[in-house]
Every structure is written in C-alpha cells, then in structure tokens.
Amino acid sequence: MRRTAIQQLRPDPGPAEDTDRDPDLAGLLARVARGDHAAFELLYGELSGPVYGVVRQVLRDPAQSEEIAQEVLLEIWRTATRFDPAKGSPAAWALTIAHRRAVDRVRSESASSRREEKAAPDLSEAPDDVAEAVAATLDGQRVRRCLDGLTELQRESIKLAYYGGYSYPQVARLLGVALGTVKTRIRDGLIRMRDCLEVDW
Amino acid sequence: MKVMRDDLHALSGSYVLDALSEPERESFERHLQHCSSCEDEVRGLRETAARLALAKALDPPPQMRPRVLAAAYRTRQLPPPGLVDGERRQARVTWLFAGRPRGAQRREQRRARVPRLAAAFAAASLVVIVALGITQAMTRHQPGTARTAGAAISRIVTAPDARTDTMRTSAGGTVTVVVSSGQQAAVVSATGMRSLPSAQTYQLWVIGPDGARSAGLLSGAGRAGPVLAAGVVPGDRIGITVEPAGGTSSPTTTPVVAVPV
C-alpha cells in the first residue's frame with residue numbers, strides 16, 4: 001500500500017498505474033475533488049499511514065497524534081479541489097499539510113510543559129522509536145542510508161527540525177552552533193538527500 | 001528583523017521543514033513569489049521532506065478510519081478555484097490551473113473580436129508539423145512522454161518571463177495560455193467549453209506567419225490540458241478549432257478562440 005504512495009514521489013512510476021486495483025494518487029485525488037467517496041476510501045488507505053506516522057513522529061503522544069491525523073485527513077478531503085499538480089506530488093502535498101499541522105500543535109503548546117518533558121534533546125534516542133517496524137521497509141532503509149551519508153551536523157539538524165518539530169533557532173541551541181550554521185546545514189543536507197534519493201522535481 | 005536576500009534564499013531548507021518562525025515564513029513566501037529558482041528548489045526539497053515522512057509511515061489505530069470517513073462525508077468540500085478565487089490568487093504558477101488571473105476580464109473585452117483570425121487561417125499555406133502535442137488522453141499510454149511534458153510544463157510556467165493570458169472562447173468557458181518567450185513554448189489549458197459529440201474534437205494550433213500547425217488534440221469534454229505547445233514565438237497566436245474526431249492537418253473551422261502571444 002505504502003509503496004504506491006512512495007512511487008508517486010519517484011520520477012518513474014511505470015506504465016502499470018492505470019488499473020483500478022492500483023490507482024495513482026493524482027487520479028484518486030482528482031476523483032476525491034469531485035466528491036467520490038470510494039476514491040476517498042482508497043486515498044485513506046494510501047495516505048493514512050504516512051500522515052499518522054509523521055504526525056506521531058513529531059507529537060509522540062498517541063491520542064494527540066490521532067486527533068491531528070484525523071484533522072489532516074479531513075483537510076485533505078476538504079481541500080482536494082485545491083491541489084495543484086504544478087507544485088508537487090499528491091503525497092508531498094498531503095504530508096506538507098500533516099507536518100505543518102503537527103508543528104503548529106507543538107508550537108501552540110510550547111507554553112505547556114507536557115511535550116517539553118518528553119522531548120529531551122537526547123539525539124541518540126531521537127524520534128526513531130515509533131516506527132521501528134516501518135524503518136525496516138526498503139524505502140525506510142533508503143532514507144536511512146541517505147541520512148547516513150550526511151555530515152553529523154546536517155543529519156541531526158534535519159532530524160531535529162523535521163522529526164522533532166523544532167524551529168531552526170531551537171535546533172541551533174540544542175546543537176550548540178550558530179543560527180546561520182544550522183540554516184545552511186539544513187539546506188545543504190536536504191539538497192544532498194534530494195540527490196541521494198534521486199528525487200526529480 | 002530585516003533579512004537580506006541571500007539569507008532569505010538560505011531559508012528554503014528550514015521553510016520546507018516548517019522550522020521557520022511565523023514572520024520569517026511569511027517573508028520567505030513573499031520572496032518565493034518572485035523567485036522562480038527558489039520555487040524550483042522548494043518543490044524538490046518538499047518532495048524530499050515527504051520521503052522523510054514516508055519512511056516513518058505507521059498504521060493508524062483502526063478506529064480512526066470510520067471516524068475520518070464519517071466526518072468527511074458530513075463536510076462540504078471547498079469549491080474549486082473559480083472566477084472569483086482565480087482573481088484573488090497571486091502566485092503565477094497557480095494561474096494556469098486556477099482559472100483567470102486578475103485583469104483577464106478587461107483584456108477579454110479588448111480582445112473580443114476573435115474571428116478576425118479566420119482570415120489568417122484561410123490565407124495561410126498550411127505546413128503542419130505535429131511538434132509536441134500532448135493531451136492527457138495521450139499521456140496515459142505514454143508515461144515517459146507525460147513526464148517529460150510535466151517537467152517542460154513546469155519549466156515554462158515557472159520561467160521568469162512567463163506571461164499568462166486568459167480569454168473567453170466562443171464555445172463557452174475560457175482558455176488560459178502561459179507563454180515563455182525564452183523557452184519558445186506555451187502551456188495551454190481550457191475549461192468550461194461546451195462538450196462535443198464523439199465525432200468531433202477540439203484541436204490546438206500554433207498560428208504563425210507561415211500558417212497553422214497542430215499542437216495536438218484537446219479533449220472534446222470541454223476541459224483540457226495543460227497541454228504543451230512548442231516552437232511558439234512572439235507574434236504567433238494560439239488557436240483552438242472544432243475538428244472531426246482524430247484531428248485534421250489544417251484547420252477546417254473558424255477558431256473558437258485565438259490568443260495572441
């Protein structure tokens with residue numbers, strides 16, 4: 001199931017995507033935009049795992065994660081009409097919404113102590129606990145391998161920012177480096193990841 | 001805090017990871033609107049970030065599914081970007097898919113005299129080169145071509161010199177053309193044109209001093225594109241005619257619309 005979603009991000013999904021059994025995300029999303037319930041159920045099958053996974057990664061708390069993931073999937077239903085293929089793949093669109101929602105929740109709660117206690121800046125223990133099972137998949141391995149190819153500062157900056165939901169000034173503080181350094185490491189690291197994963201957009 | 005342009009550019013990575021403060025995010029998004037290279041970079045990095053998310057996919061609790069589905073079916077979807085929204089939106093890239101850019105209505109009024117182009121069609125000696133006509137129907141069988149077209153299309157709509165024009169057609173609806181002189185190409189999409197019987201099709205033409213050449217067929221359903229038309233130079237026009245199914249080598253009817261490039 002997830003492989004289909006992942007294939008949407010790849011430059012070459014191959015010709016076999018036209019069947020009813022393995023519909024492509026863009027096609028599903030177009031049907032969802034027309035209010036097609038069956039298409040939304042298929043889309044749920046494709047996207048709920050990645051959406052819930054990334055939200056949980058950031059928020060940690062299962063109950064909160066479920067609440068936010070539900071909001072995100074509902075948002076996908078509601079705004080499918082606004083998806084713009086010129087701006088990226090359906091999966092990237094959906095996961096951008098998901099990540100942003102999760103981070104918004106983190107930031108709006110940063111006054112409360114709940115999450116701060118959980119989010120101790122122990123990098124070795126960083127957010128990998130949640131998705132052990134999935135990291136075993138080929139695609140997870142590939143991402144991990146590419147992450148391993150980064151410098152330590154690039155890797156930790158990206159992980160703290162994306163999986164940890166920290167702002168780059170917070171990342172700078174956690175890593176004890178200058179703001180400008182974190183900014184450029186995040187960008188350089190992502191560009192290297194892009195090339196390593198052969199993302200072509 | 002006043003941020004310099006170079007610094008802004010370096011924020012692309014943090015922007016994609018949602019690691020900017022709200023004011024920084026806003027100023028970066030403003031910057032994005034007139035920095036097409038940044039836009040390209042953001043697109044690629046966003047796909048990359050999505051991979052980071054996919055690597056962490058995790059099955060949600062089973063009770064979530066019925067809740068989401070039930071909530072969805074009780075929730076009205078946003079209308080697609082239409083006339084009103086199209087005018088409000090500012091990002092150049094969205095125009096193509098979103099409908100009409102601001103000011104389009106005024107231009108339409110100025111250019112309402114469409115049929116004068118029929119003369120150009122009739123007079124021209126018609127050398128036909130089907131250079132690069134890609135309709136959605138065709139791409140379904142040619143994924144490789146589709147992808148190339150997709151990349152070419154985004155290159156054009158994000159080109160620094162891209163201009164967008166929207167005109168009403170005499171078959172109803174509107175056609176939107178994004179032209180880049182630098183890329184010598186245009187991207188065309190149509191919406192709201194009347195549906196044709198199955199024996200007919202819409203056909204897209206690039207009309208220059210030497211006549212009209214086909215740039216491919218458009219769906220007879222009245223909603224088509226984006227379609228890429230290559231070899232477009234200033235002075236050309238982009239026209240659409242109604243033709244027998246399968247298309248013709250030269251236009252046989254008066255165009256329903258002709259957009260000056």
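The exercises below concern a predicted model.

**Exercise 1.** Describe the secondary structure of chain A.

Solution. Start with the count: chain A has 11 helices and zero strands. Next, read the order from the N terminus, which is α-α-α-α-α-α-α-α-α-α-α. Then turn to burial: of the 201 residues in chain A, 52% are buried. Last, take the contacts in chain A between residues at least 6 apart in sequence; 63% of these join residues at least 24 apart.

**Exercise 2.** Determine how α3(A) and α4(A) are oriented to each other.

Solution. Helix α3 of chain A covers residues 37–59, and helix α4 of chain A covers residues 62–79. Angles over 145 degrees count as roughly antiparallel, and 65 to 115 as roughly perpendicular. The two helices are therefore oblique to each other. The crossing of α3(A) and α4(A) is right-handed. The residues of this contact comprise 15 nonpolar, four polar and two charged. Among those that meet are A:Leu43 and A:Val51 from α3(A), and A:Ile76 from α4(A).

**Exercise 3.** Which residues touch the most other members of the largest nonpolar core?

Solution. The largest nonpolar core has 76 residues. Within this core, A:Leu43, A:Val51, A:Ile76, B:Leu17 and B:Leu52 touch the most other members. The element that gives the most to this core is α3(A), with 11 residues. Another core, of 26 residues, lies apart from it and includes B:Val179 and B:Met193.

**Exercise 4.** Which residues does B:Leu17 touch, leaving out those up to four places away in sequence?

Solution. In chain A, B:Leu17 touches A:His99, A:Ile158, A:Ala161, A:Tyr162, A:Ile186 and A:Leu190. In chain B, B:Leu17 touches B:Ala49.

Conventions. Residues numbered from 1 in each chain as written. Chains lettered and ligands numbered in written order. Predicted model: local features only at pLDDT ≥ 70, side-chain atom pairs only at ≥ 80, totals over all residues. Heavy atoms only, no water. Axes fitted to C-alpha atoms, helices over the stretch in contact; angles between N-to-C directions. Helix = DSSP H or I, 4+ residues; strand = E, 2+ residues; numbered from the N terminus. Parallel < 35°, antiparallel > 145°, perpendicular 65-115°, else oblique. Left-handed = near helix turned anticlockwise from the far one by under 90°. Contact = heavy atoms within 4.5 Å. Nonpolar A, V, L, I, M, F, W, Y, C, P; charged D, E, K, R; others polar. Core = buried A, V, L, I, M, F, W, Y, C linked by side-chain atoms within 4.5 Å. Buried < 20%, exposed > 50% of the residue type's maximum accessible area, 1.4 Å probe, protein only.
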